[in-house]
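Thank you for letting me take a few minutes of the meeting.

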Amino acid sequence: MKKLAVKDLNKFFDAISADQLLYMPLEKGGSVNYGIYSRGDKYDPTVLHTVKSVKDVFFPQCESMASFVTAGKKFEVAPIAPVDQSFTVFGVRACDVRGMEALDKVFLSDPVDSYYAARRAHGTVISVACSAPEETCFCTAFGIDPTNPGADIQAVIAGEDILFSANTEKGIALLDKVADLLSDTDDSAADDAKASIKEILNKLPLADIDLSAWGEGKTEELFDRPEWDELCKSCLGCGTCTYVCPTCQCYDIRDYKVGDKTTRYRCWDSCMYSDFTMAAHGTNRPDKKQRFRQRFMHKLVYFPDRYGMFSCVGCGRCVAKCPVSMNIVKVIKAMGGKNNG
Amino acid sequence: MQEIEKTLRSRCAELINNGTCDKVIAWDRGEFFYDNSPATFACADCAQKLVYDCFCGANLSKYLIQYAKEGKTAVLLKPCDTYSFNQLLTEHRISRENIYVIGVGCDGMVDIDKIRAMGIKGITAVKEDGEDLVVSTLYGEKTVKKADCLLEKCVSCKSKKHYVFDELIPEADGEDVKENGRFDMVEKLEAMTAEERFEFWQEQLSKCIRCNACRNACPACTCRKCVFDNPHSGVASKANADSFEEKMFHIVRAFHVAGRCTDCGECSRVCPQNIPLHLLNRKFIKEINEFYGEYQAGETADQRGPLVNYTTEDAEPTAVSDRGDN
């Protein structure tokens, strides 16, 4: 295990970003999102969650795929190549690390998404254990341990120090690169910090949420439940939950035309939107209830059916951000389970 | 507030029992104590569960478009929400005879994010104690001033008076708040150079994730099909393909609700990125006041807004250039 004083984190960031992009949670206009570090930017370890998850780094909200230029009778197509430079992401929480596993299942299985795959191959992820989980957190219900967040390198803040341990070859290589800044420390140095985090985790109000009503093979049981009628009523049909979610992976492909140049881009889509999966016959989910149900069934039934894991990671972003506070926790509880009354 | 909640519960049950309404649109307890959700209560017993406390910021008036089409619906409206209700009536989006309005007293709604922004984490309960809020957390108890934790729309509350109601709970209505300072920040922006102002909006609007929460919550945004959702409109965009688009969406929206926006503040309340969208609307309101005389959308249900009316005193289009704005 390696050690660095928290006050020296900027030296660490400067060293990493000397020859590559470094993404990390950065404050801009009063909100914290993943951004590209430049010298002097501050990392605030007390911020638990970015608004948009780390998904935005590997599967950006909007990315160009090709451009078409018309010049007289000539028509040129210029595909935009996937990322081919190494980069690092710092500050990823355990829930977002699990969220990336869910995205991997979708984008790295056949047919592989070349844009996503290139970013995963070139990115090194440094996770940071959560020192102060919030009441909206319920990652432990999905078997996530926020004190052992995983990824290529995992970090824990223990008092004045931040302690790193590498989990993968990429992680070892990155820590080697900044070895001058780090000193060796005992593997037990993080134990106290982890123990005090665990104490808080046990007190979290959603820690014992019961997911037994959900999971593989539950489609028939849940699809026509009358509870959906009431649950969907307050939903505004906005895309907040889907866009702050670390695992929502649906996207749309659109063209953006300015003069003679057209850019083909893909952008996040939301099953909450009326034109989601619009096809020649119209959309297959014409009303709010169907759209609302789709999101939760996808996370908690269809995804487990297909990939053997829930695609909710309990980060609590949608719980905190839904404009009308109608969120996945209420939906999970509405369909039954112990302690869910 | 607890007294009002008790009265509201029994009164709403009574209204359902005596046939005045068949359902009530109010707020329901959330997962925690601060995340009350808009909900419909369709039986007298259900009405016993409705909640009214300092976390009922959501404006319920827009739900009436969808849920007050059939039968008779009672709705709880705070003073600020009554302007939206009147505006919806003006625009024939709802029918007055289908709705029974219970005006509820309000002394300001709390923004849980403002409490969090004070560095208070893991909040498990908030109790009102006079002008203070006692906040219990996983990490201990803290006391804060309620005035420091109000929703933006409540910081600059324009009225404690209900502009439409069938009955009031409590019975005594409040007054308009004359010195509400709601144009202070607009004036600060006006005093900036064009470059500074551009930078301010660039920083704020570039945070936009195009979730449409502002539009979907807005009681003035009631188009059956929004131009930005229409794949045939040529401007439908689910993401900001460039930095022009992120500004265009919000500016077009502000233009579209100009003269109809009541300044209910829902756009800023619901924004997941905390973009101060209400400032765009307030700029329009301020301009309208200056060019056409003081006007408050939704003050009554039968007024023609200055932008859809014509009088010989109307400002000439040159008024803006004559003023020499930068």
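This is a predicted model: local features need pLDDT of at least 70, side-chain atom pairs count only at pLDDT 80 or more; totals for chains, interfaces and linings use all residues.

**Domains, sheet and chain contact**

Where they meet, domain 1 of chain A contributes 34 residues to the contact and domain 2 of chain A contributes 28.

On the side of domain 1 of chain A that touches domain 2 of chain A, β4 (62–71) and α3 (94–107) of chain A each provide at least two residues, and the largest share, 10 residues, comes from β4(A). If we sort that side of domain 1 by residue class, we find 19 nonpolar, eight polar and seven charged residues.

Let me turn to the sheet of chain A, in which eight strands form an open arrangement with mixed pairing, in the order β3-β2-β6-β7-β8-β9-β1-β10. Which strands of chain A stand at the edges? They are β3 (31–36) and β10 (183–184) of chain A, and because each has a single partner strand, one side of each is left without a neighbour in the sheet.

Further along that order, strand β7 (residues 123–128) and strand β8 (residues 153–158) of chain A pair in the parallel sense over three bridges, and here A:Val128 stands opposite A:Ala155 in β8(A). Helix α1 (residues 9–17) of chain A lies across β1 (2–5), β2 (21–28), β6 (87–92) and β9 (161–166) of chain A, and runs at about 135° to β2(A).

That brings me to chain B, for which the mean pLDDT is 93, with 99% of the residues at 70 or more. In the contact between the two chains, 35 residues come from chain B and 43 residues from chain A. Looking at the side of chain B that touches chain A, we see that β2 (37–41), β5 (123–129), α8 (194–205) and α9 (213–217) of chain B each supply at least two residues, while the largest share, four residues, belongs to β2(B). By class, this side of chain B divides into 15 nonpolar, 13 polar and seven charged residues.

Terms used:
Residues are numbered from 1 along each chain as its sequence is written. Chains are lettered from A and ligands numbered from 1 in the order in which they are written. pLDDT is the predictor's confidence in each residue, from 0 to 100. Two residues are in contact if their C-beta atoms, placed from the backbone, lie within 7 Å. Ala, Val, Leu, Ile, Met, Phe, Trp, Tyr, Cys and Pro count as nonpolar, Asp, Glu, Lys and Arg as charged, and the others, Gly among them, as polar. Two strands pair if DSSP finds at least two bridges between them. Axes are lines fitted to C-alpha atoms, for helices over the stretch in contact, and angles run from 0 to 180 degrees between N-to-C directions.
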